[in-house]
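How do you read packing, burial and backbone features from a set of coordinates?

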Amino acid sequence: MFIIDAHLDLSMNAMEWNRDLRNDVKTLRHLEKGMTDKPDRERATVSFPDLRKGNIGIVVATQIARFVKPGSSIPGWNSPEQAWAQTQGQLNWYKCMEEAGEMVAITDKKSLQKQIDLWNDGTPNDKKPIGYILSLEGADSIVDISYLEKAYNYGLRAIGPAHYGPGRYANGTDATGKMNQNGIDLLKEMERLNIILDATHLCDDAFWQALDHYNGPVWASHNNCRSLVDHNRQYSDEMIKALISRGSVIGGALDAWMLVPNWERGVSTPLGTQCNLETVFRHMDHICQLAGNANHIGVGSDLDGAFGTEQGPYDLDTIADLQKLVLIFKNNGYTDEDLKSIFHQNWINFLMKNWH
């Protein structure tokens, strides 16, 4: 099955984790043997070879750099300008990977269709470039609104205005409060440029406000269900229904703390909490039951988003194992047409409808 993954922090892995993603996952783990600077060392799940092995030919790939005030418990950069510079370094890595033939930018209908045709031409995938749609996770690095058009011109096509905590344009996970005027101005400029609003990470106040003020395309790249894991990071059924009514697609995330209740970071284990790909299915299936169809879900794995196998489904070793999800859906009564929708066509239809 051809798979589109709507949320991967590839540049963060390359630039901050210093992982050369041209190596396979087994090699990445070997190279990190004995390293302890990050909790997921030796536990990587994502690489270009493993994406190809899993037939994942298109990803939504992020830039991310948060602004924080000095003394913040959340890591980040001490000025928006520093945050912007960090995202530009990440952008340059994507461009280097394009020059190396590993990736190709997808920015419009034509480039999207070209990549779909390439990955479905019947030839082996092991040398094909992975298509990427550029997304910004948290808008803190947009120094002022004029920077948005610069970002659009270099290929940015989606923005999640918030990440964790209070943000410059919107408040995110574990924070509360509505957007100020600059947040509303950001949404207006995004709408003018036809940049997709990624509702992921918006706090409840900002979520409802954003839907009220933004009339362009909305998706949720990596979100699960609050009715199954009661935390503000997940979506309530009411929020999910609001997204469905807007024609959104919601990507299922594979971070264990978003999949099973009462996860304790550094204490809980995937096996101990029985967190597996069936658990991922239950979140995605719940959205389908609310929608009455399979047209509003997709994969948005967030794999290697600062976690690895220590905090993912125990039956997933590398990102190639996303193919196991196909069989799980099939065994639970989803039709072949549903499977196509879930694993790639919903994202494709969304983009073909909203792009030029």
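Q: What describes two packed helices?
A: Two packed helices are described by the angle between their axes and the distance between the axes. Take H6 (residues 146-153) and H7 (residues 181-193) in this predicted model. Their axes come within 10 Å and cross at roughly 35°. The crossing of H6 past H7 is right-handed.

Q: Which residues of H6 and H7 make the contact?
A: H6 supplies Leu-148, Glu-149 and Tyr-152. H7 supplies Leu-186, Glu-189, Met-190, Arg-192 and Leu-193. By class, this contact of H6 with H7 has five nonpolar and three charged residues, with no polar ones.

Q: At what angle do H9 and H10 pack?
A: The angle between H9 and H10 is about 65°, and their axes are 10 Å apart. This crossing, too, is right-handed. From H9 come Asp-237, Ile-240, Lys-241 and Ile-244. They meet His-286, Ile-287, Leu-290 and Ala-291 in H10. By class, the contact of H9 with H10 has five nonpolar, one polar and two charged residues.

Q: Which residues of H9 are buried?
A: In H9 (residues 237-245), the buried residues are Met-239, Ile-240, Ala-242, Leu-243 and Ile-244. Their cover includes H8, strand E7 (218-219), strand E8 (250-252) and helix H10 (277-291). Just after H9, Gly-247 has a positive phi of about 80°.

Q: Which residues other than glycine take a positive phi?
A: Asn-18 and His-201 are among them. Phi of Asn-18 is near 60°. Asn-18 sits in the loop between helix H1 (10-15) and helix H2 (25-31). Phi of His-201 is near 80°. His-201 belongs to the loop between strand E6 (196-198) and helix H8 (204-213).

Q: Are Asn-18 and His-201 buried or exposed?
A: Check the relative accessible area against the cut-offs: under 20% is buried, over 50% is exposed. Asn-18 has 67%, so Asn-18 is exposed. His-201 has 5%, so His-201 is buried.

Q: How is the largest pocket lined?
A: Start with the volume, then the lining. The largest pocket has a volume of about 980 Å³. Its lining holds 43 residues. Nearest its centre lie Met-12, Trp-17, His-163, Gly-305 and Ala-306. By class, the lining has 17 nonpolar, 13 polar and 13 charged residues.

Q: How far apart in sequence and in space are Arg-43 and Phe-307?
A: Compare the two separations. Arg-43 and Phe-307 are 264 residues apart in sequence, yet 8.0 Å apart in space, C-alpha to C-alpha. Arg-43 lies in the loop between H2 and helix H3 (48-53). Its relative accessibility is 35%, so Arg-43 counts as partly exposed. Leaving out residues up to four places away in sequence, Arg-43 touches Arg-29, Asp-304, Gly-308, Thr-309 and Glu-310.

Q: Where does Lys-69 lie?
A: Lys-69 is in the loop between strand E2 (56-63) and helix H4 (80-99). Lys-69 is exposed, with a relative accessible area of 61%. Lys-69 and Ser-79 are ten residues apart in sequence and 8.0 Å apart in space, C-alpha to C-alpha.

Methods: Residues numbered from 1 in each chain as written. Predicted model: local features only at pLDDT ≥ 70, side-chain atom pairs only at ≥ 80, totals over all residues. Heavy atoms only, no water. Axes fitted to C-alpha atoms, helices over the stretch in contact; angles between N-to-C directions. Helix = DSSP H or I, 4+ residues; strand = E, 2+ residues; numbered from the N terminus. Left-handed = near helix turned anticlockwise from the far one by under 90°. Contact = heavy atoms within 4.5 Å. Nonpolar A, V, L, I, M, F, W, Y, C, P; charged D, E, K, R; others polar. 1 Å grid on protein atoms, 1.4 Å probe; cavity = no way out; pocket = protein on both sides within 12 Å on 5 of 7 lines; lining within 4 Å. Points joined across faces, edges and corners; volume = space filled by probe spheres on them. Buried < 20%, exposed > 50% of the residue type's maximum accessible area, 1.4 Å probe, protein only.
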